[in-house]
Amino acid sequence: MRRHVIIGRYGPGDRSRLPLGDGEVETRLDLVVGERSLDHGIGRALGDLARLGVYPSEMGLDVLVLATHVHAADTRVSRSSESQDGWTRELRLVVPVSDPDRWTAAAPTFVRMLNFLTGDRWSLAFRARPRRFARIAPIPPGRLIGPPFDDLALFSGGLDSLIGAIDTLEAGRTPLLISHAGEGATSDAQTTIFDALKVHYRGRAFERLRLWMAFPDGLVRGSAGENTTRGRSFLFFALGVFAGSGLDGPFTLKVPENGLIAVNVPLDPLRLGALSTRTTHPFYIARWNDALAGLGFNGRIENPYWDKTKGEMVAACANGALLRRLTPTSMSCASPTKGRWQGLGTQHCGYCLPCLIRRAALVTGLRPDTDPTVYTVDDLTSRALDTRQSEGVQIRSFQLAIERLRARPALAPILIHKPGPLFDKSPARQTALAEVYRRGLEEVGVLLAGVRTRPG
């Protein structure tokens, strides 16, 4: 195990010496390319927003710079070689910001948030930017009319974000949609859906901010890359806050995610590490709101679908005909390229956890229409599925979770606390979360009726 510290630097002249801890391995993260251009897609994002009439604040820019450090550490420090237990890394970030005192005060909230999100041990330190970079964000021009956007939402290319975008547009709102261009299939889905929405809602002024951020192999000396990307949603949320800081007045960043995935109760007691993600968990979102308030942002993050199952989201979509047409272009699969070993193109596997929740939602929500998605395993009932192979692992876990809850319905209010503490001690809120968990498993149960599994 090695402890890693990633130190952000604004240009080659930023050479201030910073003390290292015992045994720490230092990685320099250059934030500037050339004289003053911000690297890692940040400068381009600033330019794209300026063309839309949106000018983020210095603090908004700092949030995205912090997320750049987090994303570099999360994707370039290997869990297998750099941790004692094959999972938990020790990661320290030293981030140059516009107001170090304010950021230092907020650091404990961010540490708590990141520890919860990725399962690592994070440490954050903030220092002042070099004087030459004291002001980076473009100064807004004098104007009588601000940007047209009255809504702000994450847009991942998945089914939930598609429903969120349709619901917003059908309500007459003008959203700025926020995308992170990561894995190819997801990135393609984002573009295809956005282009289709622009055609359908022709003449409407909604737009999209899209950031590409990736780091080269070898950024962290002696470490391979890491593909669990548990911290990716931190970058996604930070990009939304960055954009929101440039909107006129208060902003609400919407995170469209069904309640079953948001709470993400482990399907069995052994589902740890990568099998128990917390990317939109209520506790995580609540910590973001604490941090934003502490930093002085006039904005917050909300999940408008926290009390809905995915099937309920599908059934209640404000334009069902459009949803049915665009559903095949949305991407939910955890590994959409694994079919290449069978000579297949990019498509849904049909048996990973998000695919199963998607299939169950579309069976329920599109009734009497059928699911138009192409799945590698199209018929789950044609044969018994091997529980020691990827095609059967998640299905058997769901079967066990469904059987457990049907046998003991009173477990639901207890199990919703398993992924972590909840944001709200309100009995009514907790009852609603327990109920959406129960209804979500029932949806999957309908899909899995008649599905057989067997040990390998």
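1. Buried is used for under 20% relative accessible area, exposed for over 50%, and partly exposed for values in between (1.4 Å probe, protein chains only). The model is predicted: local features need pLDDT of at least 70, side-chain atom pairs count only at pLDDT 80 or more, and totals for chains, interfaces and linings use all residues. Residues are numbered from 1 along each chain as its sequence is written, and side-chain values use heavy atoms, with hydrogens and water left out.

2. Asp 369 and Arg 324 form a salt bridge between their side chains (2.6 Å, N to O); the term requires a side-chain nitrogen of Lys or Arg within 4 Å of a carboxyl oxygen of Asp or Glu. Asp 369 sits in the loop between α12 and β12, and Arg 324 in helix α11 (residues 320–326), 45 residues apart. Asp 369 is partly exposed at 38% relative accessibility, and Arg 324 is partly exposed at 27%.

3. Asp 217 and Arg 76 also pair in a salt bridge (3.5 Å, N to O). Asp 217 is in the loop between β9 (207–211) and α7 (232–244) and Arg 76 in helix α2 (residues 58–76), so the bridge ties together parts 141 residues apart in sequence. Asp 217 is exposed, at 68%, whereas Arg 76 is buried, at 16%.

4. The axes of α12 and α15 come within 8 Å and cross at roughly 85°. The two helices therefore count as roughly perpendicular (angles of 65 to 115 degrees).

Methods: Axes are lines fitted to C-alpha atoms, for helices over the stretch in contact, and angles run from 0 to 180 degrees between N-to-C directions. Helices (H or I, at least four residues) and strands (E, at least two) are DSSP runs, numbered from the N terminus. Angles under 35 degrees count as roughly parallel, over 145 as roughly antiparallel, 65 to 115 as roughly perpendicular and the rest as oblique.
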